[in-house]
Amino acid sequence: MTKKSEGANEDQVKEPKRKIVPSKSQKEAKEVKSSEEEEDLLLDSGTDSDYDGDSLSGSLNSDDFDSEDDDDSHRETQDDEGSDEVVDSENGEEEDGSDDEGSEQREVAEESDSSEDEVAPRNTVGDVPLEWYKDEKHIGYDITGKKITKKEKQDKLDSFLATMDDSKNWRKVYDEYNDEEVELTKEESKLIRRMLKGEAPHADFDPYAPYVDWFKWDDAIHPLSSAPEPKRRFIPSKWEAKKVVKLVRAIRKGLIKFDKPEEEPNVYLLWGDDSASDQKSKHLTYIPPPKLKLPGHEESYNPSLEYIPSEEEKASYELMYEEDRPKFIPKRFTSLRSIPAYENALKESFDRCLDLYLCPRVRKKRINIDPESLKPKLPSRKDLRPYPNSCYLEYKGHTGPVTSISTELSGQWIASGSTDGSVRIWEVETGRCLKVWQFDEAVKCVAWNPLPDFPILAVAMGVDLFFLNTELGTDEEQQRIEELLRLDNLPELDEAAAAIAKWLPDEKYRGIKIRHFKNLSYIDWHPRGDYLSAVMPGGETRGVVIHQLSAHSTKRLPIKMRGLPVCTLFHPNHRGIFIIATKKYVRVYNLHKNGEPIKKLETGLREISSMAIHPGGDNLVVGSKEGKMCWFDMDLSSKPYKILKNHPKDITNVGFHRSYPLFASCSEDSTAYVFHGKVYSDLNENPLIVPLEILRGHSSKGGVLDCKFHPRQPWLFTAGGDSVIKLYCH
């Protein structure tokens, strides 16, 4: 067998190997292309899945890319087969080295980065404008010099229908230079899409690449520039100084002149608009002048008949004062030509100028405040029950005004005194009169002893003070009371006390009578029940004395009285604390320290009429003869915490309840006010004062002269000038 036949056989044997076994570069190219096709399909399906390629010509469908890929792959297989056939049909006598060189050339061709931009254009006319071929049948010449005929232009309707049928029409671009349609590839469409989004054309480009610092600063020993700083950076320039001196000399000699600012005239329109005026910026206290009243229907040249006064009204104007007389009387004219000149025009303008020049103007700040926001937020009255609100019982028997009442500690009995000279004891629940004492003078004040074992009643009338045995209680209590009211061995009083009061036995009612040198107006028991204070307004410096019932003695206070005393109080908790109210002030003294003054309360009232202290001892209520009531927090300040103005007339008495947070006031206007007054144990919280009820029922004759709370129930007793005692319950 010859060498040629052997070479031919070898070529025949090698042919199927080239067809079946692809090269390594072909495998990698196909893998890369398949991965790119998958990514393109995912991108196109994510972006263009909402479009329908069958209905719109410009829609994008994933099938387009599939069909294109299939065509490309089909073309690639054909090209591969054709190349293999060409290689096989060539001279079969080539050696194995030539086959290896051909495979290397194919790998280089597949890995090349060729694109359509590198292909030479079909039209070779150069830079000749295409407008020159506008009327010709050809558009230019190809590389061989033949004419490139223009394509026949389709009708617009046919072209529209063609674009509707072609799903890839959105990727076709008309090349006017070569007179042909160019279809963009998927890579080119992706580049355009990225550029429209403002991104980099190539997907591999990283716009946020990490910064690379080419210098190592950590271990740097020497600076980048070791040149020393020049001296000119530390000293001022002498050339600049010479230039400044030259300019200063030129300014002083007048060689350099500056433009002076134009001075604006300090004038403004007197009748101009205030919004455009610059007076606000020049004067801090600028107040715009008030505007004139705009003319109305009366100033019309042809007003309605209702605005034209009659002859009688004109005559009445003449009888008025010039200030009250209307300045303008409406008149009626037939036309504008018949209107005469206004006779008071010059005078009114002059008066207006005088008003603007002479009349002072004051700026008043107006604050818009909701009136409801100023009202204190108080709790509802329903939440503050119980409190007295209706009359339950009346005690009748006195013939004159009832001036004073007092309740017994257990709440079963109540004593009352009247101007008819009678003192009565009533049973609270039934209204039955248990006992009556008749005196020759009008009773001023009655006070029940606060101790439950000593049912003794103190009665003040005129200059006499009586201690009466009510004959209530057990036999043992009555024996102790009889021994207490027996004046067998009276102690010797000093001259000052003997001049003020004298102890005498009362044989008529088997009690004790103390005669003072002045008329009594008020008495008050100590909480222990042994001491009793008596007030004599006419006594001046000797107007307040203290009687000790167990020792049958009288003591004068070591206090220099300042003003006429009105009433007194013993402190309910602290022994020795004594409170005296004069007509304008309330003073607190410590009797254990020889009458040392502790505090002075400034009421600010015209005249004090009554006073009551809270069971806690830290709060005080003062009533006045001008209808005002002051609440004092003695731990807080010497001035009133609250001033309540409720009664239009004089307040006759005020009082606190012993256990409930209630206090009341009565007045000569025949009413009694009930308040909720809660005092908190927390010193940082202020007392809560809420008005609850206005109790009416007494006649207007004399008003309500006294009021007292029941010691255990939320009931209120009121004594009226109509000789009736009323009980108000909840």
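A salt bridge here is a side-chain nitrogen of Lys or Arg within 4 Å of a carboxyl oxygen of Asp or Glu. By this rule the count comes to 15 salt bridges. Because the model is predicted, local features need pLDDT of at least 70 and side-chain atom pairs count only at pLDDT 80 or more, while totals for chains, interfaces and linings use all residues. Residues are numbered from 1 along each chain as its sequence is written, and side-chain values use heavy atoms, with hydrogens and water left out.

Individual salt bridges can be followed in the structure. R381 forms one with E693, their closest N and O atoms being 3.2 Å apart. R381 lies in the loop between α11 (371-374) and β5, whereas E693 lies in strand β30 (residues 688-696), so the pair ties together parts that are 312 residues apart in sequence. Helices (H or I, at least four residues) and strands (E, at least two) are DSSP runs, numbered from the N terminus. With a relative accessible area of 40%, R381 is partly exposed; buried means under 20% relative accessible area, exposed over 50%, and partly exposed in between (1.4 Å probe, protein chains only). K435 and E471 form another salt bridge, with the closest N and O atoms 3.1 Å apart. Since K435 sits in strand β9 (residues 433-438) and E471 in the loop between β12 (464-469) and α12 (475-484), this pair ties together parts that are 36 residues apart in sequence. K435 is partly exposed at 22% relative accessible area, and E471 is partly exposed at 44%. D166 and K172 also meet through their side chains in a salt bridge (2.5 Å, N to O).

The strands come next. The protein chain has 13 helices and 33 strands. Strand β28 (residues 662-667) is mostly covered, with six of its six residues buried. Both of its faces are covered: L662, A664 and C666 are buried on one side, and F663, S665 and S667 on the other. Two strands pair if DSSP finds at least two bridges between them. Five bridges join β28 to strand β27 (residues 651-656), and the two run antiparallel; here G655 stands opposite A664. A hairpin of five residues joins β27 to β28. β28 also pairs with strand β29 (residues 671-678) in the antiparallel sense over five bridges, and S665 stands opposite Y673. The hairpin between β28 and β29 has three residues between the strands, and S670 in the turn has a positive phi of about 70°.

Elsewhere, four strands form an open antiparallel sheet in the order β5-β33-β32-β31. Its edge strands are β5 (390-396) and β31 (704-709), each pairing on one side only. β31 is joined to β32 (residues 716-720) by five bridges, with F709 standing opposite L716.

The surface has its own features. V212, W214, F215, W217 and L224 form a nonpolar patch with about 680 Å² of accessible area together. Accessible areas come from the Shrake-Rupley method with a 1.4 Å probe, and for residues only the protein chains shown count as cover. Patches are made of residues with over 30% relative accessible area and no salt bridge, like charges being joined within 9 Å and nonpolar side chains (Val, Leu, Ile, Met, Phe, Trp, Tyr) within 5 Å. V212 is found in the loop between α6 (186-196) and α7 (238-253).
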